[in-house]
Amino acid sequence: MISDYFSYAFKNLKHRKVRTWLTMIGIVIGIAAVVSIISLGQGLENMIIGQFEDMGADKITIMPGSSIFSAGMATIPLNQKDYDVIKRTRGIVNVAGMIYSSIRVEYKEESEYTFVIGMPLDPGSKRIFDSMQNFKLDYGRDLKDGDGNVIVVGSSVAKDDKIFERGVVLGSKITINGVDFKVIGVLETLGNEQDDRSVYINIERARDIFDNKDEFDVLFAQAKQGFDVSEVAEDLEKALRKSRDLKEGEEDFNVQTTEQLQESFGTIFSIVQWFLIGVASISIVVGGIGIMNTMYTSVLERTYDIGIMKAIGARNNDILTLFVIEAGTLGAVGGIIGVIVGGGFAKIIEIAAKNVLSVDLLKAHLSVELLVGAVLFSFIVGMASGALPAKQAASMKPVDALRYE
Amino acid sequence: MKKEKPIIELNDVKKIYRMGEVDVPALNGVSLKIKQGEFIAIMGPSGSGKSTLMNMVGCLDVPTEGKIFLDGKDISKMSESGLAQIRGKKIGFVFQKFNLLSTLTALENVTMPMMFQNVDENVRRKKGVELLNLVGLEKRSSHKPSELSGGQQQRVAIARSLANDPEVILADEPTGNLDTKTGRDIMVMLKKLHNDGKTIIMVTHDPDVGKHAKRIVLIKDGMVVSNHKE
């Protein structure tokens, strides 16, 4: 019999088209926002976790500052002494340090800011970066130990109208802080705009340009095979603490395994995501109140109809079900439209990220659970919002309802 | 073919409405027996209490005092949902203003009472078409009430009142909103139902309509003042 209630609900909603649409807008916006936030958030998380996975599970990242989220704040930098301490730690096979800076880069008549990255080129360090699979050469040749004023550029740098009007070509000249570099290689697109816009030079040359004698912006260490990575990371942290003369809990640096990095980002992501979902939920609550308001009006308007239905045998529960289902349908239809709008919006963002920002790796994650869950949720919100008005309708006395004009 | 067993029995029924501080009695001790297969008219001027009486007889309301028996069962203390179930099964309503649901088609209006009795959909449909046939509106089954004339709407309402094969048809001023000729057609239809064995209880203030009944109960100031057979 429940299908009869649904068909009756649909007829009534169709009968009041304008009001039905207006009522649904709140739910549509709320569900659309939640669906796009969750799908994009999930996509973004997948993308970043995927990038960490590329690093390999045996990598340990050491950064200045007490947490990975203090990047950019005034911190005591890591230096050659720290590098040596790490290198001596039991279970560490290789250490590689990197420096980078956002700096003005000139090409032909143009000059733009971009990241200049100083790469260590000794064989041990190179092996770490190679195994992190982040950087693959598209064409030209890679940087090698002993290179001087040569430069490898990210794919965006070599493309027209990305950074420079005309993309950089092999053999041409790029000037950084008055020092000329010859372009020898172009990297494959990484799908991460910041990396694709960067240029890469020998760390020794970068030290001259940045006026940086022995500091590192980030250090990567590789654990020996057969060693427990997290134990090695703990030993490493202990050793650094000792050399920097710090007590436990007072670290001005942080040591993270790939797994911990994933977890840290995962945590931050879910906090941000839940916050955004919370904001979007306000719209759903407002939508629910809208449904409640419409249902109260509707109950009042149909008082006489309720009287008729009661006269021809409708029990209180029948009337209650009728109105609750009508409200639920109002929510569910809003939810379906919201899912379509939200999913479409997420896809548009995905395409925009690819075309405008050159971020290939962001894929909106529209799972069946999310879509079905969203519609189900809006149905429940609708039913809950309709509960009080429906109760009012159900408790009407038939004689009173039939007297109502 | 008429049985002598009372289908409805009112025993000293009182109904008192409270209007602020004052008690207003609408029914002042009405006793009435209606036998199965009877065709009776409840008549009286407006304000006489005949609408209240109809509500009592139709199980739409319960008395303040006294007892009402429907088919031998005391309904005067029943809950609203219990009353609804009995109404739906035993009583078919025909109202002055037809009272069809405007969003539903003629057929859906006719089948709705069966929905509340959990009748299977196919059975409902079949019965609904049969009933529309009976009132001569088989061609109008998918029309909305707004697309039907007053007479047609009242015929749909009669078809609806028969949906659950009730023993009693309760008609409240069934011709009140119709012109004389259409009203006569409706009366012919009610008479036919009476001849088929249904108990017809009609509430009216119009003597011309009332005279179709086999018994007239005259009510005034909440009391039965005359009760005679034709």
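Two residues are taken to be in contact if their C-beta atoms, placed from the backbone, lie within 7 Å. On this criterion, in the predicted model, the contact between the chains draws 18 residues from chain A and 21 residues from chain B. On the side of chain A that touches chain B, the elements giving two or more residues are α1 (2-15), α9 (303-311), α10 (316-355) and α12 (398-403) of chain A.

Contact between them involves five residues of domain 1 of chain A and six residues of domain 2 of chain A. Of the residues on the side of domain 1 of chain A that touches domain 2 of chain A, three are nonpolar, one is polar and one is charged.

Helix α6 of chain A, spanning residues 203-210, was examined for its buried positions, which are Ile203(A), Arg205(A) and Ala206(A). These residues lie on the same side of α6(A), because they cover an arc of only 155° around the axis. The elements covering the buried residues of α6(A) include the strands β3 (92-107), β4 (110-119) and β9 (199-202) of chain A. Just after α6(A), the backbone adopts a positive phi of about 55° at Asp211(A).

Note on methods
Residues are numbered from 1 along each chain as its sequence is written. Chains are lettered from A and ligands numbered from 1 in the order in which they are written. This is a predicted model: local features need pLDDT of at least 70, side-chain atom pairs count only at pLDDT 80 or more; totals for chains, interfaces and linings use all residues. Helices (H or I, at least four residues) and strands (E, at least two) are DSSP runs, numbered from the N terminus. A residue is buried if 20 or more other C-beta atoms lie within 10 Å of its own, exposed if 12 or fewer, and partly exposed in between; C-beta atoms are placed from the backbone. The arc is that of the directions from the helix axis to the C-beta atoms. Ala, Val, Leu, Ile, Met, Phe, Trp, Tyr, Cys and Pro count as nonpolar, Asp, Glu, Lys and Arg as charged, and the others, Gly among them, as polar.
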